[in-house]
Amino acid sequence: MSAQAQMRALLDQLMGTARDGDETRQRVKFTDDRVCKSHLLDCCPHDILAGTRMDLGECTKIHDLALRADYEIASKERDLFFELDAMDHLESFIAECDRRTELAKKRLAETQEEISAEVSAKAEKVHELNEEIGKLLAKAEQLGAEGNVDESQKILMEVEKVRAKKKEAEEEYRNSMPASSFQQQKLRVCEVCSAYLGLHDNDRRLADHFGGKLHLGFIQIREKLDQLRKTVAEKQEKRNQDRLRRREEREREERLSRRSGSRTRDRRRSRSRDRRRRRSRSTSRERRKPSRSRSRDRHRRHRSRSRSHSRGHRRTSRDRSAKYK
């Protein structure tokens, strides 16, 4: 890549698709299904394993550093939950890799000479020490390249100790089987990247393997997958808690609305009862008024009759008395 292309990629990564007002680039958003979500999270196997023995070629989805910058800016404001898509992608890739590892183990078991369980355990011990030496040498070379010479020398001293252990393990393995069989190259499949490792590989071969881009790339992918699983589990738990809290709040509001509705209905019922009572009272008053007036009229008529009767009685008495005189 030229210096100009590197500068353009750096600007894209920092400023996103809108850095130069190119509308054609802005037509595709980072949320588009055609965009690789693993690339946005910087964990696409097509990028990580590029240039290795297991180079996967170009990804079928869009890779653009400017879109990654857009995603990083947007993810600060809201949770886009792209980790789930990236996790599914890496799980599918790692599952295929593990399937190849198991097939390679099966082929080795069929082709290599069968040995006893005791001899197999001793050979496994040699393999483990080889792996430890390879990792230590790769780390020492990395520290030396970074200028940390003292730490690199300490690791090389550890390598010498592991080499002594390996020599003893090889001696035990050699003594446990015939010399003709010992000369046969015993292979082992790397559990990380599915590459073949020999029992008699030298230190340079081991360092190249465990410090190589292929092995380190698979380590990066597997570690990223573990991180994504943890992140997805945490976010799903948080979403479930938020959903449960919203449901509880909704149920609480519904209970409160039902209570307020029942109170309103009670108030309405009490008001209607009050109105009925007032109406019945007014009706009873209206009914009582004529009866009182009729009773007053009867009373008045009775009094008038009584008066007229008493007047007639007095008049009759006066007439009788006048007659006798």
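Predicted model: local features only at pLDDT ≥ 70, side-chain atom pairs only at ≥ 80, totals over all residues.
## Cysteines

A disulfide is a covalent bond between the sulfur atoms of two cysteines. With a cut-off of 2.5 Å between cysteine sulfur atoms, the model contains zero disulfides.

For Cys97, the closest cysteine sulfur belongs to Cys193 at 7.4 Å, which is too far for a bond. Cys97 is buried, its relative accessible area being 0%.

## Helix α10

Helix α10 spans residues 203-210, and its buried residues are Leu206, Ala207, His209 and Phe210. These residues lie on the same side of α10, because the arc they cover around the axis is only 165°. In general, an α-helix has 3.6 residues a turn, so residues three or four places apart point the same way.

The N-terminal end of α10 is capped by Asn202. A side-chain oxygen of Asn202 is placed 3.3 Å from the backbone nitrogen of Arg204.

Helix α7, which comprises residues 117-145, includes Glu118. The relative accessible area of Glu118 is 53%, and Glu118 is therefore classed as exposed, the threshold for that class being over 50%.

In sequence, Glu118 and Tyr173 are separated by 55 residues. In space, the distance between their C-alpha atoms is 9.3 Å.

Definitions and conventions: Residues numbered from 1 in each chain as written. Heavy atoms only, no water. Buried < 20%, exposed > 50% of the residue type's maximum accessible area, 1.4 Å probe, protein only. Helix = DSSP H or I, 4+ residues; strand = E, 2+ residues; numbered from the N terminus. Arc of directions from axis to C-beta. Polar contact = N/O pair within 3.5 Å; in protein donor to acceptor, adjacent residues only side chain to side chain.
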